[in-house]
Amino acid sequence: MDAGIIRDIQTKTIDNNHFNSYTLDRDELKVVLPANDSLNNKKRISIEELANYQVISLESGSGIYEKMVEIYNNAGIPLNVGFKTTHIETIMGMIKNSDQITFLFKKSAMPFMNKQLVMLSLDQPIYSNLELICPRENQHKPALTKFIEYMKKYTSEPVESYP
C-alpha cells in the first residue's frame with residue numbers, strides 16, 4: 001500500500017511509528033431523519049430525544065457505527081440498529097419513508113439529501129477528520145510526494161502532518 005484515505009477514528013488504531021497521516025478535511029456527524037418527522041424543525045437534537053428511534057447504519061468498521069455505539073453507551077441508552085449496509089444511498093432511501101434515523105457525516109450525506117430528508121446537528125457536536133495515511137518508507141516516493149502536495153493545496157481544511 002502506498003497510501004490510503006480513512007477517518008481519524010480509524011487512524012487511532014494505526015502504529016504511528018510506521019505511518020504518517022495528513023488531515024485532509026473535517027466533517028460533522030449529523031442525524032438524518034424523514035422530513036415529516038416531528039423533530040424536523042429543530043436545529044440541534046439530543047441522543048435522549050432519539051432513544052425510541054430505530055437506526056439504519058453503515059456497517060461496523062465505517063467509523064460511524066463505532067461512534068454511534070459510543071454515543072448511545074455514554075448516554076446509557078440502548079442502540080436499536082434495524083439494518084446495516086455499506087451504501088449511503090440505500091440508507092437514505094430507507095429513511096425517507098420511515099420512522100427511522102441514521103447518523104452520517106455531513107459531507108458524505110449531502111449528495112443524497114432531498115426534500116424528503118432533514119439533517120440535524122447533535123446538541124454536543126461530534127467532528128471527525130478525513131486523513132491520508134502512508135507508510136513512512138513510502139513518504140519519499142515522487143508520485144506520493146506530488147499527491148500529498150496536491151491534497152495540501154486543494155483540500156478544504158488546512159492540512160496538518162502528524163509525524
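Buried means under 20% relative accessible area, exposed over 50%, and partly exposed in between, with a 1.4 Å probe and protein chains only. In soluble globular proteins, nonpolar side chains tend to be buried together.

**Basis of the model**

This is a predicted model: I use local features only at pLDDT of at least 70 and side-chain atom pairs only at pLDDT 80 or more, while totals for chains, interfaces and linings use all residues. Residues are numbered from 1 along each chain as its sequence is written, and side-chain values use heavy atoms, with hydrogens and water left out.

**Leu50**

I listed what Leu50 touches, not counting residues up to four places away in sequence. The list is Val31, Leu39, Ile45, Tyr72, Ile101 and Phe103. Contact here means heavy atoms within 4.5 Å.

**Overall layout**

I find five helices and nine strands. Helices (H or I, at least four residues) and strands (E, at least two) are DSSP runs, numbered from the N terminus. Along the sequence the pattern reads β-α-β-β-β-α-β-α-β-α-β-β-α-β. The C-alpha atoms fill a box of roughly 55 × 30 × 25 Å along the principal axes. Of the 163 residues, 43% count as buried. Among contacts with a separation of 6 or more, 79% come from residues 24 or more positions apart.

**Salt bridges**

How many salt bridges does the structure hold? I get five. My criterion is a side-chain nitrogen of Lys or Arg within 4 Å of a carboxyl oxygen of Asp or Glu. Side chains of opposite charge can pair when their charged atoms come close.

Asp2 pairs with Lys141, with the closest N and O atoms 2.9 Å apart. Asp2 lies in the segment before β1 (4–7) and Lys141 in the loop between β8 (127–135) and α5 (142–154), so this bridge ties together parts 139 residues apart in sequence. Asp2 is partly exposed at 41% relative accessibility. Lys141 is also partly exposed, at 38%.

Lys67 pairs with Glu70 at 3.5 Å between the closest N and O atoms. The two are three residues apart in helix α2 (residues 64–75), so about one helical turn separates them. Is Lys67 buried or exposed? At 16% relative accessibility, Lys67 counts as buried. Glu70 is partly exposed, at 39%.

Lys30 pairs with Glu28, the closest N and O atoms being 3.6 Å apart. Both of these residues are buried.

**Asn129**

I also checked Asn129, which sits in strand β8. Asn129 counts as buried, at 16% relative accessibility. Which residues does Asn129 contact, leaving aside neighbours within four places in sequence? They are Ile6, Arg7, Asp8, Thr23, Asp25 and Arg26.
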